[in-house]
Amino acid sequence: FGPNVTKVTKGDGGKDNEDTNLHGNTSNTDHYAPGLFNPFYPLAESSYAAYAVLCLAGLVLAVGVVGNMAVMCIVWNNYYMRSAWNYLLASMAFWDFLVLVLCLPVVVINQLSHRRILGNITCRMVPYMEIVSLGITSFTLCALGIDRFHAATSSSQPKARQVERCRSVLLKMLLVWLGALLLSSPEIFLWQLSQGVSPSNGRLIDSCTITASSPLSLYLPDSLHSLLLRYHQGRMWWCFGCYFCLPILFTILCQMATRNVNSDSSAAQKQRTHDDRSSNQKRQQHQAVERQLNCTLLALAVVYGVCALPEHVCNITLAYTHITLSEDTAAMLALLHHFLLFFKSSVTPVLLLCLCKAFMDCCCCCCQECQQTTTEGSPGSAQVKLKAANETSIFFDKAKETSAILSISS
């Protein structure tokens with residue numbers, strides 16, 4: 001990256017304070033204040049922006065935590081939803097939950113007080129976790145696209161989705177997680193904490209800068225250090241190609257191939273006139289399930305693309321143009337990029353819960369259990385229990401016959 005790109009990339013505030021003008025500014029050092037800056041008191045014009053950032057962060061955090069926990073609980077508590085598809089979605093929800101809980105407060109506190117929590121630790125942890133989140137989402141979309149293409153080309157006849165073995169599920173999750181963790185490991189060695197004095201109020205300001213000569217990178221062997229230098233030189237295009245172009249293009253190609261296969265199979269099935277009514281109903285239900293899964297995958301890719309595209313466009317524009325940004329503008333853009341990632345982590349589980357019926361089924365089951373406990377002493381309690389048992393058996397029979405995937409009713 002060039003120096004302009006460093007100001008708007010993942011870090012905190014995105015400001016490169018190494019070239020802060022400290023000469024001829026002796027009055028600022030006299031008023032040096034090492035404590036935390038309180039943007040809420042005294043009340044000024046900047047306090048309204050601080051309140052807006054705090055309220056937006058609280059809303060994103062609350063929605064994201066509740067939504068991601070709901071997705072993880074649904075997959076964990078329902079046995080017939082423990083498939084590779086659902087586990088990949090649950091692992092993505094787990095990492096989004098970690099990003100919201102660990103990274104969002106650090107970014108907000110640094111934006112409001114201009115100080116870093118735990119210094120170098122969070123300066124390296126926040127960019128690393130954010131890049132890992134992009135990697136897990138990208139590779140999960142690719143894995144789900146392969147699953148959709150395999151389901152469309154495996155057989156033209158509708159059949160029940162078998163419960164996958166634990167080894168197969170763990171292997172897919174291991175590939176996604178190891179790929180995201182290893183490919184994002186250079187971020188730990190590139191970021192370092194830099195401090196400077198604000199020329200406006202004379203307070204100490206912490207900022208994270210990206211450089212290939214950080215103290216931590218000196219402990220690497222020569223071969224790994226050369227790889228780190230290459231990663232630093234091509235970081236912008238690497239992130240754009242691997243974490244944006246790859247999942248988006250992969251999802252589009254899988255969707256196009258899946259639709260072509262489905263259209264060919266449906267055209268061949270229309271020529272058959274000897275099928276009975278029951279097979280037609282099963283085929284229609286199977287096609288409806290597949291369409292819903294494809295729509296879910298496409299919606300996830302659209303949300304991810306909309307949230308990730310502005311940062312890449314901004315980085316490429318600043319790298320190949322002579323636009324110079326002020327510190328306030330760079331900090332605002334960096335905060336916007338952070339919140340776009342947090343917004344993606346918050347909206348993705350809500351989108352899954354809105355497109356599926358599993359969450360409502362779990363809520364209905366909880367309500368039925370509460371009603372059963374309140375009616376145990378009534379004369380018709382035996383009939384209620386018998387009816388609930390019959391409903392439960394029907395529920396699990398349906399789960400065995402249909403595909404137990406998060407985006408449809410379990």
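Trp237 is partly exposed, with a relative accessible area of 41%; buried means under 20% relative accessible area, exposed over 50%, and partly exposed in between, with a 1.4 Å probe and protein chains only. This is a predicted model, in which local features need pLDDT of at least 70 and side-chain atom pairs count only at pLDDT 80 or more, while totals for chains, interfaces and linings use all residues. Residues are numbered from 1 along each chain as its sequence is written, and side-chain values use heavy atoms, with hydrogens and water left out.

Rings of Phe, Tyr and Trp (its six-membered ring) pair if their centres lie within 6.5 Å; planes under 30 degrees apart count as stacked, over 60 as edge-to-face and the rest as tilted. By this rule there are six aromatic pairs. In one of them, the ring centres of Trp237 and Phe240 lie 5.9 Å apart and the planes stand at 80°, so the pair is edge-to-face. Trp237 and Phe240 are three residues apart in helix 9 (residues 235-270), a separation of about one helical turn. Helices (H or I, at least four residues) and strands (E, at least two) are DSSP runs, numbered from the N terminus. Trp237, Phe240, Phe244 and Tyr320 form one aromatic cluster.

## Strands 1 and 2

Strand 1 (residues 191-197) pairs with strand 2 in the antiparallel sense over seven bridges; two strands pair if DSSP finds at least two bridges between them. Within this pairing, Gly196 stands opposite Ile205 of strand 2.

Why is strand 2 largely enclosed by the rest of the structure? Seven of the seven residues of strand 2 (residues 204-210) are buried, and therefore the strand is largely enclosed. In a regular strand the side chains alternate between the two faces of the sheet. Both faces of strand 2 are covered, with Leu204, Asp206, Cys208 and Ile210 buried on one side and Ile205, Ser207 and Thr209 buried on the other.

## Salt bridges

A salt bridge is a side-chain nitrogen of Lys or Arg within 4 Å of a carboxyl oxygen of Asp or Glu. The count by this rule is three salt bridges. One of them joins the side chains of Lys344 and Asp96 (3.4 Å, N to O). This pair links distant parts of the chain, as Lys344 lies in helix 11 and Asp96 in helix 4 (residues 84-113), 248 residues apart. Lys344 is buried, at a relative accessible area of 3%, and Asp96 is buried at 2%.

Glu187 forms a salt bridge with Arg235, with the closest N and O atoms 2.8 Å apart.
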